[in-house]
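This report concerns side-chain contacts in a protein model. Please consult the sequence and the structure shown here before reading on.

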Amino acid sequence: ISMAAIAVVAILSWRGASAIGMSAPVSAAGVVRLHFEQLTIRTGDGEGELVPRQEISLHDITSRVQALVDRLGITHGTVSLISQHTTTALTINEFESRLVDDVREFLFRLAPPAHPYKHNDLHLRPASEADFARIDRNWISQGKGTLEEFVAQEPINAHAHLGAMVLGSSETVPVANGRLCIGQWQSIILVDLDGPRTRTVGVHVLGI
């Protein structure tokens, strides 16, 4: 069965299985799976609520993605990953301790937290009707609080947004013979640019 045929059959079958964490098995030459779920990653140590401190941290999530492929029994297909935050990013590279330190230092030099970014002028936000509409949709209308309470809890994190835009928010990895097709020294890495926090990565798997 071709991957094109897999995609067509899986998309049609997904109509009845669109909730997060559900799969859509289809009888064909094999079992086609189209599956989405969220991985939760704590980017800080210790128990309880994490308090953001403008930290940058890198987290190897390769084993968790491979474990999902194993659990679904995927032999051939693709895994697509999406960062679900505006201050986290995804990348594929070597996960070596001193290189991790280099990456962190590079990102701080690229977008220094202390720079006078316009986004950090909280007293001037929202700056447009469209900005207010987004705050209303994602905060006020959800019963989280008033506009003033939204502004009060907003972090000073323009540097983190900029770093996330530079690195990118998604990766797609082929799967062959049940294994992620990444190189010997490559890892799938979540980069938290405004941590520590509890973060989520969306993982979409398509294959047989």
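The sections below treat the basis of the analysis, the salt bridges and the aromatic contact.

## Basis of the analysis

The model is predicted: local features need pLDDT of at least 70, side-chain atom pairs count only at pLDDT 80 or more, and totals for chains, interfaces and linings use all residues. Residues are numbered from 1 along each chain as its sequence is written, and side-chain values use heavy atoms, with hydrogens and water left out.

The structure contains 7 salt bridges, the term denoting a side-chain nitrogen of Lys or Arg within 4 Å of a carboxyl oxygen of Asp or Glu. One of them joins arginine 71 to glutamate 37, with an N to O distance of 2.7 Å. Because arginine 71 belongs to helix 2 (residues 62–72) and glutamate 37 to strand 2 (residues 31–42), this pair ties together parts that are 34 residues apart in sequence. Helices (H or I, at least four residues) and strands (E, at least two) are DSSP runs, numbered from the N terminus. Arginine 71 is exposed, at 54% relative accessibility, whereas glutamate 37 is buried, at 17%. Here buried means under 20% relative accessible area, exposed over 50%, and partly exposed in between (1.4 Å probe, protein chains only).

Arginine 125 and glutamate 154 form another salt bridge, their closest N and O atoms lying 2.7 Å apart. Arginine 125 is partly exposed, with a relative accessible area of 22%, while glutamate 154 is buried, with 17%.

## A buried salt bridge

Arginine 199 pairs with aspartate 192 in a salt bridge whose closest N and O atoms are 2.9 Å apart. Arginine 199 has a relative accessible area of 3% and is buried; aspartate 192 is also buried, at 0% relative accessibility.

## The aromatic pair

The ring centres of tryptophan 139 and phenylalanine 150 are 5.6 Å apart and the planes meet at 65 degrees, so the arrangement is edge-to-face. Rings of Phe, Tyr and Trp (its six-membered ring) pair if their centres lie within 6.5 Å; planes under 30 degrees apart count as stacked, over 60 as edge-to-face and the rest as tilted.

The two residues lie 11 residues apart, tryptophan 139 in helix 4 and phenylalanine 150 in helix 5, and the pair thus links distant parts of the chain. Tryptophan 139 is buried at 16% relative accessibility, and phenylalanine 150 is buried with a relative accessible area of 13%.
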